[in-house]
Each structure stands twice: as structure tokens, then as C-alpha cells.
Amino acid sequence: MDNWVGCRCIRPSPEELESFGTPDFTIYNAGQFPCNRYTHYMTSSTSIDLNLARREMVILGTQYAGEMKKGLFSVMHYLMPKRQILSLHSGCNMGKSGDVALFFGLSGTGKTTLSTDHNRYLIGDDEHCWSDTGVSNIEGGCYAKCIDLSREKEPDIWNAIKFGTVVENVVFDEHTREVDYTDKSVTENTRAAYPIEYIPNAKIPCVGPHPKNVILLACDAFGVLPPVSKLNLAQTMYHFISGYTALVAGTEEGVKEPQATFSACFGAAFIMMHPTKYAAMLAEKMQKHGATGWLVNTGWSGGRYGSGKRIKLPYTRKIIDAIHSGSLLNANYKKTKVFGLEIPTEVEGVPSEILDPVNTWADKKAYDETLLKLGGLFKKNFETFTTYKIGKDNNLTEEILAAGPNF
């Protein structure tokens with residue numbers, strides 16, 4: 001695992017290594033050794049245990065390398081808010097004019113793909129902090145999914161996979177050592193871990209000014225969310241707290257068909273405090289620095305999974321480009337029913353008919369039924385948070401509740 005940690009963690013300089021003393025945190029990774037599933041509260045032979053007081057993590061029964069990075073990420077979700085710094089499960093990049101964008105999203109939503117943009121500087125693909133001075137990456141590398149990876153679709157990630165990159169769960173020819181990125185025989189969740197400097201336009205050091213755009217990514221398997229929606233602050237908080245996407249086959253063990261899931265703050269497994277704590281901090285920073293919220297669906301259009309088609313990546317990239325350039329702020333908008341989302345009538349390079357998902361469904365009745373079903377799932381999920389007040393202003397809580405689906 002040493003090489004993997006070297007790819008992912010921020011590496012100290014030779015001068016820092018010379019004076020290195022007691023480690024801030026220690027990981028004991030015994031991934032091939034199962035934990036005792038008969039221990040109290042243990043439900044399987046896999047466990048990842050954190051002791052914040054002793055600053056230690058013990059990993060048993062899993063060789064999935066991502067557990068190390070997510071364990072340390074959980075620690076940061078505890079330490080940073082105590083310092084009034086917001087920890088973020090997001091990608092982050094910066095334009096040549098200094099405009100920063102955050103990309104929130106769970107596995108399979110396109111967070112790594114969309115934040116790795118050869119026209120912009122990469123600050124990081126997954127874990128960041130937003131402080132009073134701006135954003136900073138808390139990792140030293142990237143952890144990209146590489147199923148069906150191609151040079152044409154994702155050239156930067158393709159070129160980053162070279163000597164020093166650690167590939168995980170991939171199948172390769174033993175003689176030529178050539179990887180077959182289309183082979184799913186181990187799992188669809190194939191990965192490549194590489195130092196961030198393997199991306200030629202990485203911003204070193206990985207810091208930037210305050211974000212201008214906050215992009216929430218969802219892979220909607222129901223096919224009813226628009227490809228892009230402009231959100232007001234209350235809607236941004238509602239969808240941030242909800243953290244909706246679909247578990248796509250291969251992303252998690254046992255998932256054979258996509259299913260709707262909600263993960264608060266787009267990282268419920270890693271947050272240490274109540275989701276509304278992080279949401280309140282995000283709202284405060286967005287208000288203070290004038291950031292705009294967006295909901296981008298990278299999932300299906302023209303029908304749910306199995307009948308519709310996934311939105312083409314080039315269309316999503318055009319949408320993201322319009323967000324970065326600021327042109328989407330000046331577009332004409334109309335409001336959708338149920339979710340009340342503001343959707344543009346035109347985006348350069350994107351067929352206008354797909355911007356309103358109802359246009360892409362042949363069966364309009366089925367669309368209405370599916371839209372109501374997804375709205376109901378959102379409402380049911382959000383009931384968990386209705387007993388909490390966000391921040392000191394109770395009106396903000398009421399605004400956020402009203403920003404959800406209405407029918």
C-alpha cells in the first residue's frame with residue numbers, strides 16, 4: 001500500500017523529512033486480515049476504525065485502497081469545522097482568469113472527469129477545504145475511475161496513467177502489461193491513483209481563491225432531472241443536504257441495477273457532524289463571496305435507466321463550459337414543475353430539446369408519474385432533517401424546506 005499512499009497523500013519535502021518527528025496520524029492497514037464479525041456492533045468481516053484521541057486508524061478485511069483516503073477525509077471533516085474551515089467532498093478547478101468552481105458528487109457522477117479539464121487548472125479531484133483565504137486541496141493526488149477509459153474522451157486522465165500510477169481492480173495482459181479498461185470481470189469500480197502533478201495543468205501548490213460556482217452533480221437514473229438547473233441559495237442547500245444520485249452497477253458491491261440513493265453533503269459516510277452544520281457553513285460562504293449554485297444531471301434522459309439514454313459527456317462539458325464562462329447566468333430561464341428548478345432555454349452546443357427532460361420522453365404520462373415518484377423520494381429522505389434548525393436563523397430552515405419538491 002506504500003506506493004498508493006505516496007500517490008494520494010501530500011508528500012513532504014526532503015527538508016521536512018529531515019526534521020520529521022512524531023506522525024500526526026497513523027494508519028494500520030491489514031486489509032487481508034478479517035476482523036472478528038462476532039464483536040459487538042460488527043456486521044461483517046470488514047471494519048475501518050478511527051480513534052480521534054489516539055490519532056489512529058485500523059483497516060481490516062478490505063483491500064480497497066480508497067478506505068485509507070476516506071478515513072483521513074473523515075478526520076478532516078471533524079477537525080476542520082472546529083477551526084471554522086469547511087471540509088468539502090468535491091472536485092475543484094480554476095480558470096485562467098482565477099475563477100474557481102467546486103464539483104460535488106458521489107462516485108460515478110463525473111466529479112473527477114469534469115473537474116479534470118485541460119482548459120482549466122486542476123486544484124484537486126475529490127477532497128478540499130474552504131477557509132477565509134480560499135480553497136485548498138487536502139490530498140496530493142487523484143483517484144479516478146477508469147472503466148471504459150479512452151484517450152479520446154478523457155485525455156488528461158489517460159495520460160496520467162504512467163509509471164508511478166497505481167491501478168486497482170483492472171485486468172491487463174501479463175506479457176505486454178497493457179490494461180484492458182473495458183474489462184469488468186473484477187468489478188466496474190476500477191481505479192487509477194496518481195500524483196496530481198501527473199496532470200499537466202495541475203495548480204501547484206493546490207490552492208485557489210474563493211469559488212465562483214458551486215456545481216452539484218447527480219446521476220439521475222429516473223431520467224427526470226434537467227441536464228442543468230440554476231439554483232437559488234435555499235435550493236443549493238436543499239440539494240446539498242439531500243446529496244441525490246443513483247448507485248450505478250459496479251460502484252458498490254451487490255448493486256446490479258441502478259437505484260436512487262441520498263448521501264448527505266455528498267459524503268454521508270465521512271461527515272462527523274450533523275449535515276446541517278456543513279450546509280450552514282456552505283451557505284454562509286456562498287453568500288459572503290457571491291457564489292452561484294448549479295444542479296447538473298449527468299444521468300439519463302428520454303426515460304429512466306433501461307429505456308432512456310445517458311446524457312452525452314460532450315453535452316455536459318458544454319454546459320460546464322457555459323457555467324465557467326458566465327454565459328449561462330445571462331440565459332433565458334423557465335421553471336419546471338414539482339422541483340421548481342430554473343432551467344435555461346438555450347446552451348451553446350447543446351440541443352435545446354434535451355434541456356427540459358419532458359421533451360425527451362415519448363410517454364408524457366410516464367414522465368409525470370416518474371417525476372412525482374422521485375419528488376416523493378426526496379421528500380421522504382428530507383424528513384430526517386426537518387427537526388433541526390440550520391444556523392441561528394430559523395427562517396433559513398423554512399426556506400430550505402420550501403426549496404424542495406412541491407406537489
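A residue counts as buried here when its relative accessible area is under 20%, as exposed when over 50%, and as partly exposed in between, using a 1.4 Å probe on protein chains only. Helices, by the way, are DSSP runs of H or I with at least four residues, numbered from the N terminus.

Before going on, a word on what you're looking at. This is a predicted model, in which local features need pLDDT of at least 70 and side-chain atom pairs count only at pLDDT 80 or more, while totals for chains, interfaces and linings use all residues. Residues are numbered from 1 along each chain as its sequence is written, and side-chain values use heavy atoms, with hydrogens and water left out.

Back to α6. Its buried residues include Q235, Y238, H239 and S242. At the start of the helix, N232 brings a side-chain oxygen to within 3.2 Å of the backbone nitrogen of A234. Just after α6, look for G243, which takes a positive phi of about 60°.

Now for the partner of α6. The axes of α6 (residues 233-242) and α7 (residues 275-289) come within 10 Å and cross at roughly 150°; axes are lines fitted to C-alpha atoms over the stretch in contact, and angles run from 0 to 180 degrees between N-to-C directions. So α6 is roughly antiparallel to α7, a label given to angles over 145 degrees. On the α6 side, L233, T236, M237, F240 and I241 do the touching, and they meet T276, Y278, A279, L282, A283, M286 and Q287 of α7. Contact means heavy atoms within 4.5 Å. The residues of this contact split into 9 nonpolar, 3 polar and no charged, where Ala, Val, Leu, Ile, Met, Phe, Trp, Tyr, Cys and Pro are nonpolar, Asp, Glu, Lys and Arg are charged, and the others, Gly among them, are polar.

I400 sits in α10 (residues 394-402) and counts as buried because its relative accessibility is 1%.

H77 belongs to helix α3 (residues 66-82), and with a relative accessible area of 3% it is buried. Its side chain makes a polar contact with the side chain of S87 at 2.5 Å. A polar contact is a pair of N or O atoms within 3.5 Å; within protein, one must be able to donate a hydrogen and the other to accept it, and residues adjacent in sequence count only if both atoms are side-chain atoms.

Note on methods:
Helix = DSSP H or I, 4+ residues; strand = E, 2+ residues; numbered from the N terminus. Parallel < 35°, antiparallel > 145°, perpendicular 65-115°, else oblique.
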